[in-house]
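Have the model open as you read.

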Amino acid sequence: MPTTFATPPARSWPGAPGRVNLIGDHTDYNDGFVLPMIIDRHVEMVARRRPDRQVQIVAAESGERVDNTLGEPIDYSSPNWLPYVLGVVHELAQRGRLSSGIDIVFRGTVPRGAGLSSSAALEVATALALDTVFNLWLNPVDMARLCRDVEHRYAGVRCGIMDQFTSRLGRSDHALLIDCRSLEARHVPMSLDGHRLVIVDTGDRRELADSAYNQRRTECEKAVALLREEETSITSLRDVTPGMLSAHENRLPPDLFARCRHVVSENHRVIEACERLSTGDLPAFGRLMNASHLSLRNDFEVSHPALDRLVEEAHRVDGVLGSRLTGAGFGGCTVNLVAETALPEFEQQLKPLVDDWSLQSIVVGTPEQARVTEVIA
Ligand code: GLA
């Protein structure tokens, strides 16, 4: 990696990967279930301690550089990677974990703003770097929590924990079933039996903080407050059963009812999808992916014409078992479950609709990542 360090950095280590979510979107911040997996695109970082309180961060590809002193205020608005990297540095400094400043150089291959968790990969790469350089021995789940908090405080996105958790704890060739309430997780082996997961990028970029993401989260909170007036045991949408929802439909404005219906049904789909994946029932898994897309489009209203078009075109190809938007939505990528024999036709059908076809090969995770993801709390 090109660096601007006068001497080589002390340590380098496996990078932090992006992720693709197979099913379970907008459930994480509702204490629900998700089923993502890591992809073979990463952020790599090298770092070393400094003798002073300075922090120097360099983006290797663009040459952008930011200098700051620990504890001093800084404008986080640019470059766009700054909140994620410096946010982690400052958060750990505030918690009294950093004994000095640091030099950091990074580069990454996760496309920005595509719904593949480029920001979580930056946060986790930074946390791993600081963990190693300062011998912090951060528990992996605590590291994921810290990185999520950074996203809230420094980037203004009130995200759930799925992306950071997956980047830190995901394992090659396995999906990761996460219970976002207890933070228990299970690695689910992926045997796709003549099929592949294919990511297709609309090329439409939407910054999460600008989008309706935070608004959706607020809507879910409002729905919980209304439902609690009827059932005091409800503390999040995770606690709402389909029966409760239909019993109290008249308590909710139609849009909030639809948001709830998505979250409640999506949680069930995730659990079922996990079972289907474990038993190798890929057609059923694909049907759940399709149902998830419709629910995100119609009830949660986070799809986008370009995403719907890709999903629609995918379904024209014989051998496509499932197709859905992945991640927050509002642009970004779809994930598709495609028979290997159908890949040429899939490419012929979809490639003319997108600018960058290279993502279609980036599905299964990195072997190196397995080395840093052994511990589950
Ligand atoms: C973004 C957020 C996640 C999650 C997804 C939608 O990726 O960072 O926490 O909410 O959107 O599932």
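Arg 205 itself counts as partly exposed, at 39% relative accessibility. Keep in mind that this is a predicted model.

What's the general idea behind such pairs? Side chains of opposite charge can pair when their charged atoms come close. Searching the whole structure turns up 32 salt bridges. Three of them are set out here:

| Salt bridge | N to O distance |
|---|---|
| Arg 238 and Asp 179 | 2.9 Å |
| Glu 347 and Lys 351 | 3.3 Å |

Take the Arg 238 and Asp 179 pair, which meets at 2.9 Å. Arg 238 sits in the loop between α5 (213-228) and α6 (242-247), while Asp 179 belongs to strand β7 (residues 174-179), so this bridge ties together parts that are 59 residues apart in sequence. On burial, Asp 179 counts as buried at 13% relative accessibility, and Arg 238 as partly exposed at 23%.

Now for Glu 347 and Lys 351, whose side chains meet at 3.3 Å, N to O. Glu 347 is partly exposed, with a relative accessible area of 28%, and Lys 351 is partly exposed too, with 38%. Elsewhere, salt bridges with shared partners link Glu 91, Arg 95, Arg 148, Asp 149 and Arg 153 into one network.

On to the ligand. Which residues are around it? The list runs Arg 19, Asp 25, His 26, Asp 28, Tyr 29, Cys 159, Gly 160, Met 162, Asp 163, Tyr 213, Gly 327 and Ala 328. Sorted by class, that shell has five nonpolar, three polar and four charged residues.

An N or O atom in the Asp 28 side chain is 2.5 Å from a ligand oxygen, and a polar side-chain atom of Asp 163 lies 2.7 Å from an oxygen of the ligand. With His 26, a polar backbone atom is the one involved, 2.8 Å from a ligand oxygen. How much of the ligand's area does the protein bury? Taken alone, the ligand exposes 310 Å², and the protein buries 98% of that.

Methods: Residues are numbered from 1 along each chain as its sequence is written. This is a predicted model: local features need pLDDT of at least 70, side-chain atom pairs count only at pLDDT 80 or more; totals for chains, interfaces and linings use all residues. Side-chain values use heavy atoms; hydrogens and water are left out. A residue is near a molecule or strand if one of its heavy atoms lies within 4 Å of it. A polar contact is a pair of N or O atoms within 3.5 Å; within protein, one must be able to donate a hydrogen and the other to accept it, and residues adjacent in sequence count only if both atoms are side-chain atoms. Accessible areas come from the Shrake-Rupley method with a 1.4 Å probe; for residues, only the protein chains shown count as cover. Ala, Val, Leu, Ile, Met, Phe, Trp, Tyr, Cys and Pro count as nonpolar, Asp, Glu, Lys and Arg as charged, and the others, Gly among them, as polar. A salt bridge is a side-chain nitrogen of Lys or Arg within 4 Å of a carboxyl oxygen of Asp or Glu. Helices (H or I, at least four residues) and strands (E, at least two) are DSSP runs, numbered from the N terminus. Buried means under 20% relative accessible area, exposed over 50%, partly exposed in between (1.4 Å probe, protein chains only).
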